[in-house]
Amino acid sequence: MTKTQQIENPYIPEPARIVRHYDLVKDHRFFQVRHVDMKRAMSFTYNPGQFIMLSIPGLGEAPFSISSTPSRPGILEMGIRKVGKLTEALFKKKDNDIIYIRGPYGNGFKIDQMRGKDIIIVAGGLGVIPLRSILYYVLDNRDQFGRLFFLYGAKNPDEILFKTEFFQLKNRVDIECLYTVDVDTSGEWTEAVGVVTRLFEHLPEIDPSRSAAVVCGPPVMYKYVIQELLKLKIPKNQIQMTLERKMECGVGKCGHCVLDHLYTCIDGPVFTYWDTLHFRELI
Amino acid sequence: MRILKMDSKYLKEFLESLRMFGKLYGPIWKRDVLTHDHVENVDDLVLDGEHTLIPVKKLFHPKRFNTMRFNEEGFTPNYSMFEKRVLIGAHPCDIHSLLRLDEVFLTDPADPYYKGLRENTAIIGFSCLPTENSLCRSTGTDIVESGFDLFFVDLEDIYLVWVGSSLGHDMILEKEEFFDENVTHADIQKYIQWREMRNDMFKKSFNFRDMPDIMELSYNSEIWDYFAEKCLSCGSCTMVCPTCNCYTLTDVFDVTNKTEGRRERVWDSCMFVDYSLVAGPHNFRGKRADRLKLWYTHKLKAFGGEYGRPACIGCGRCVDTCPVDINVLTIAEAFTSCEVPAK
Amino acid sequence: MANEQQIIKPKIGIYGLTGCAGDQLVIIHTEDEILNLFNSVDIKSFVMASSNPEEGELDVAFVEGSVSTEEELHHLKDIRKRAKILVAMGNCALCGGPQAMYTGDGTFDTRVKQVYGDVDFLTKPLEGAPVDAYVEVDYYVPGCPVDAKQLFAAIARLIHGSSPEPYPHPVCHECKLNENKCLLLDKKFCLGPVTAGGCNSACPNHGLPCVGCWGPNPDGNFKEHFELLQSFGMTKEDIVRRIRNFGGHKILEYIKDL
């Protein structure tokens with residue numbers, strides 16, 4: 001009989017500890033986790049744009065994008081919305097509790113192609129969670145990139161995630177932050193009001209061939225944001241977007257995240273706009 | 001490749017001798033249904049052209065099983081399904097389907113369950129004659145050149161036996177006296193005649209080669225809506241398709257207050273409504289037409305990887321099975337002729 | 001980690017309204033799990049197992065049967081008031097059961113009179129209706145009777161403070177996993193594609209067509225399935241009559257435009 005300990009099994013989740021958590025906004029929580037095995041925690045690395053599979057025994061497993069940057073190793077960060085059984089159970093967990101993770105999975109952003117270029121990050125709603133990874137990666141390796149523009153829109157001020165962090169970024173001179181809300185319900189919003197595409201009006205002149213854009217947001221947002229990026233004449237293969245799909249394995253076996261003949265979990269979740277022209281189901 | 005000759009009268013004894021290499025599996029009748037199962041008596045084996053209802057994938061990608069157990073300490077994988085096996089009676093299309101599934105399940109990181117079952121199973125292929133709905137000549141999967149340990153071609157009084165692996169060779173050596181190295185001109189003639197006879201027996205065919213382009217061109221065709229209105233979303237096509245690999249996982253707690261239970265894996269189908277449903281909820285394929293389109297994209301256009309091939313291996317099971325006649329034949333015909341089938 | 005003393009077992013009540021009590025029997029008869037159940041929950045009321053019920057606050061109430069009298073309606077409302085979570089169990093509680101097969105045709109009073117004549121009822125009879133016609137239901141475990149595996153998986157989730165896993169697939173899914181030949185190919189009157197799965201294809205496993213006792217499959221293609229059955233020689237009236245046997249209240253919205 002086969003010796004079980006010799007079998008490599010990519011599906012076995014590894015225990016990780018919740019180091020810290022706090023609420024971002026209602027039903028959206030920020031988690032910092034670390035592998036229980038410290039050696040593993042310190043050697044664990046990933047690319048911005050990758051995701052992990054998170055398990056709670058008995059409730060199942062689902063993909064979550066990584067919100068931290070590999071330039072700050074040792075801790076893995078996620079922003080998670082409470083939407084189902086698994087996340088409900090996760091929201092009941094306290095600091096120091098054990099959850100299970102495996103990964104990282106997916107391709108991540110094509111950082112090598114972004115180096116030396118101006119970076120335009122466009123986030124809508126929850127889409128800011130995976131983009132926070134590339135945002136901080138660029139900031140931590142600031143000399144490797146050109147100018148950095150960070151465009152972020154949410155429905156209303158109460159749904160702006162990472163508000164404190166992102167407003168602190170406005171004090172930096174090496175990043176231009178443009179924030180907007182669809183509707184200002186608070187009366188205290190000091191930034192723009194309107195859909196995220198309106199923020200493009202505030203962008204300075206850019207050299208399109210020396211620019212790279214990354215986009216993430218709700219499915220309806222892509223079309224409009226991409227129109228704006230195309231108006232700026234940014235090449236189609238320099239526009240990257242990260243997509244959400246149902247995933248059960250993360251490693252290209254279960255089939256659910258299929259798009260045409262590709263799998264979001266291994267061929268994505270980052271695709272270029274050029275890809276989407278070939279695989280029509282993408283957006 | 002080594003090709004030997006065996007007198008047909010030795011078949012039963014030879015197959016019986018394979019028990020020393022593992023537990024015998026093959027197509028047998030159970031409750032009027034032909035199924036791949038454990039073979040108690042080699043006389044029960046059905047080695048003519050007939051297809052099992054559920055394809056051979058079930059022996060390597062089990063229909064329903066526990067992948068792991070979990071408790072407070074974490075997850076422990078379950079490998080209890082691994083045993084040495086000899087699969088007898090795999091048809092060329094069956095073997096092609098396994099080679100296609102290998103591309104999914106053995107690509108790094110390999111699926112450990114499929115890999116374990118595959119590595120522990122010897123494949124003894126058998127030639128077959130086409131059934132009513134066989135399409136393997138159209139898909140180029142009517143013959144097979146690799147993917148077996150031994151392959152038997154039935155020429156009535158003799159078998160020509162292709163030796164495909166070192167293990168297959170070991171099997172031959174155990175009963176060396178049954179096999180003859182001397183394949184004569186007459187034997188070759190007989191084989192050629194058999195091939196011609198078999199080629200002439202195919203009743204149905206379709207334009208498989210042009211389907212990738214036709215599918216691409218028909219992406220927005222209203223013909224999809226015609227089929228979507230008919231489709232019962234029963235998922236049978238996917239269950240009986242030898243190259244459908246999708247599965248779903250469910251955690252099941254034991255009836256206890258402790259954190260204990262199992263992670264169960266079951267075949268899934270892209271025809272089911274929750275196939276592309278994410279929490280939120282958002283359904284990326286709520287429409288039946290989108291689900292059908294996905295399946296036929298995989299079967300007739302491209303499947304897996306940047307330069308994937310279509311996955312259809314022409315077994316005809318979807319033609320046998322769909323209660324409302326949606327299958328690779330009717331789809332290919334409709335999109336090639338741009339006409340929907342007459343009611 | 002919690003030690004033994006800290007475990008608070010959920011307080012459970014298991015109740016039957018109008019029905020055959022078959023679902024409660026499934027609980028009693030599942031010998032592999034019944035002791036596990038008694039060990040992991042605190043059963044306050046289950047008349048089939050103990051004649052000393054304690055009718056107080058409950059974490060989870062399982063209700064079998066349809067509401068068929070005023071008295072049952074009061075009982076149900078009382079259960080709902082006391083239970084944090086209410087689970088409708090079995091076809092009668094989910095759809096109304098066979099006693100609800102004529103739902104909506106306006107003949108209830110005539111039928112009562114025909115069967116019982118002019119009698120004084122101890123409690124006013126109501127036309128058989130599913131539990132959620134009167135109170136909010138948190139989870140559903142379908143079946144006639146329920147499937148032990150599906151029921152205990154649901155119970156185990158509830159014990160762990162979570163919710164049961166939905167199974168939005170037709171009967172055909174498990175039917176094919178069980179390697180049954182499709183009965184529709186033999187022109188049999190099978191309701192598998194339009195019926196919710198979870199029964200492990202109990203009837204087709206024995207060569208018998210599905211009668212729809214798990215209730216409608218919301219994704220079912222009723223229009224095409226009716227056409228297919230009509231092509232076998234059934235009239236539409238026959239099909240409707242048979243699908244309403246177990247479809248009760250819940251089938252109406254799926255067949256109203258056919």
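In which sense do strand E7 (residues 118-124) of chain A and strand E11 (residues 211-216) of chain A pair, and over how many bridges? In this predicted model, local features need pLDDT of at least 70 and side-chain atom pairs count only at pLDDT 80 or more, whereas totals for chains, interfaces and linings use all residues. Residues are numbered from 1 along each chain as its sequence is written, chains are lettered from A and ligands numbered from 1 in the order in which they are written, and side-chain values use heavy atoms, with hydrogens and water left out.

E7(A) and E11(A) pair in the parallel sense over six bridges, where pairing requires at least two DSSP bridges between two strands, and helices (H or I, at least four residues) and strands (E, at least two) are DSSP runs numbered from the N terminus. A:Val122 stands opposite A:Val215 in E11(A). In chain A, seven strands form an open sheet of mixed pairing, in the order E10-E9-E8-E7-E11-E12-E15, with strand E10 (192-193) and strand E15 (270-272) of chain A as its edge strands.

In chain B, the axes of helix H8 (residues 223-230) and helix H10 (residues 288-300) come within 8 Å and cross at roughly 105°, the axes being lines fitted to C-alpha atoms, for helices over the stretch in contact, and the angles running from 0 to 180 degrees between N-to-C directions. H8(B) is therefore roughly perpendicular to H10(B), a class that spans 65 to 115 degrees, against under 35 for roughly parallel, over 145 for roughly antiparallel and oblique for the rest. Residues that meet (heavy atoms within 4.5 Å) include B:Trp224 and B:Phe227 in H8(B), and B:Leu292 and B:Tyr296 in H10(B).
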